[in-house]
Amino acid sequence: MLELTVISPVLLWTAIAIYAASFVAYAFDLARRSQATADAKTVREGELVGVGARGGAPAVTATGAAADPAPQRFVMARIGTSLTILAWVFHLAAAVTRSIAAGRVPWANLYEFAMIGTLLIVLVYLVVLTRIDLRYLGTFITGLVVVLLGLAATNFYVAVTPLMDPLKSIWLIIHVFVASLATAFFALAFALSVIQLMQARRERLVREEVAKTGPGFLRTLPGSDRLESLAYRFTIIGFILWTFTLIAGSIWAQDAWGRYWGFDVKETWTFVIWVVYAGYIHARATRGWRGNPSAWLSIVGFASVMFNFTIVNVFFKGLHAYSGLS
């Protein structure tokens, strides 16, 4: 199995490189969207001279963005998605070879958690793309994956080791898989919330008739209300999964340590995350917390998830100190 322990990191670094290329492609897509809307605006402004004589007016969308007569075909977005799929295949191969080399599921330390967690984030993103066009999130998703995988590969890498006794349970597979899947949906909600804030600002500037309204690519994206609705839907799914994570973790704790709940740092932060997202869902259902406040709560929630994954795992000791780092 020594060869597989060498092959797995090579496959993972290949995946990181391709994810980085897809990030660049998605970034070019956003730049081309901006340029396309700028060109369309220039053409429309040039036509205004003749509009007054004919009594016509350029078409305008409900959010204040001028409607293009024909939809643009964004080739770079398709290239970015194709590269993301290719990177995911290498990513999956890295996880499988690591699992075969270890003779177990690859969820025993922080390096392996990062590998599987990011794998699920990309998988959820690609699956959602078959139903909803979210390619404008490509830079956020691939950028996040490159950062997390790069951090894991350079700072968290550890050799294959046997499972610690508390991890030798079927609940390892259930608990960690569901938590990683919940994180994937939270990541999508986070990206949508960031763009929601940008779009809400642009819409406000349009209403105020300010000349410069921010990045041009925002004109090609859904309105802030639609973005908020999508973020809310993904958060609901993630919250349900995170709730099950808490329940499965409690059952596992009873099996491993003879108690359902202690106040271990990891357990506490998992509950804190649950409370933050419960507050977000409650606030989103309250009229006064729609819009930017709910978006900020979504961002705070995902920041809590990342804090739990990185800072808590690395710097706090406890019963869940399975980072594998000395």
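Reader: Hi! Let's start with Tyr111: is Tyr111 buried or exposed?
Author: Hello! In this predicted model, Tyr111 has 2% relative accessibility, so Tyr111 counts as buried, since the cut-off for that is under 20%.

Reader: Okay, and how exposed is Tyr157?
Author: Tyr157 is partly exposed, at 36% relative accessible area.

Reader: Thanks. How many aromatic pairs are there in the whole structure?
Author: A search of the whole structure gives 10 aromatic pairs. Tyr111 and Tyr157 make one of them: their ring centres are 4.9 Å apart and their planes meet at 80°, so this pair is edge-to-face.

Reader: Where do Tyr111 and Tyr157 sit in the chain?
Author: Tyr111 belongs to helix α3, while Tyr157 is in the loop between α4 and α5. The two are 46 residues apart, so the pair links distant parts of the chain.

Reader: Which residue lies over the face of Tyr232?
Author: That's Arg284, at 4.7 Å from the ring centre of Tyr232.

Reader: Which residues form an aromatic cluster?
Author: Phe186, Trp242 and Tyr277 form one.

Reader: New topic! How many helices and strands are there in the protein?
Author: There are 8 helices and 0 strands. From the N terminus on, the order is α-α-α-α-α-α-α-α.

Reader: Which residues touch the most other members of the largest nonpolar core?
Author: Leu134, Tyr136, Leu137 and Leu192 do, in a core of 76 residues. The elements giving two or more residues to this core include α1 (2-54), α5 (170-207) and α8 (292-315).

Reader: What does Leu137 touch?
Author: Leaving out residues up to four places away in sequence, Leu137 touches Tyr125, Leu188, Ala191, Leu192 and Ile195.

Reader: Zooming out, how much of the protein counts as buried?
Author: Of its 326 residues, 49% count as buried. The protein exposes about 15,700 Å², and 68% of that comes from carbon and sulfur atoms.

Reader: Last one: among contacts between residues at least 6 apart in sequence, what share joins residues at least 24 apart?
Author: For those contacts, the share is 79%.

Technical notes:
Residues are numbered from 1 along each chain as its sequence is written. This is a predicted model: local features need pLDDT of at least 70, side-chain atom pairs count only at pLDDT 80 or more; totals for chains, interfaces and linings use all residues. Side-chain values use heavy atoms; hydrogens and water are left out. A nonpolar core is a set of buried Ala, Val, Leu, Ile, Met, Phe, Trp, Tyr and Cys residues joined through side-chain atoms within 4.5 Å. Buried means under 20% relative accessible area, exposed over 50%, partly exposed in between (1.4 Å probe, protein chains only). Helices (H or I, at least four residues) and strands (E, at least two) are DSSP runs, numbered from the N terminus. Contact means heavy atoms within 4.5 Å. Rings of Phe, Tyr and Trp (its six-membered ring) pair if their centres lie within 6.5 Å; planes under 30 degrees apart count as stacked, over 60 as edge-to-face and the rest as tilted. A charge sits over a ring if NZ of Lys or CZ of Arg is within 6 Å of the ring centre and within 35 degrees of the ring normal. Accessible areas come from the Shrake-Rupley method with a 1.4 Å probe; for residues, only the protein chains shown count as cover.
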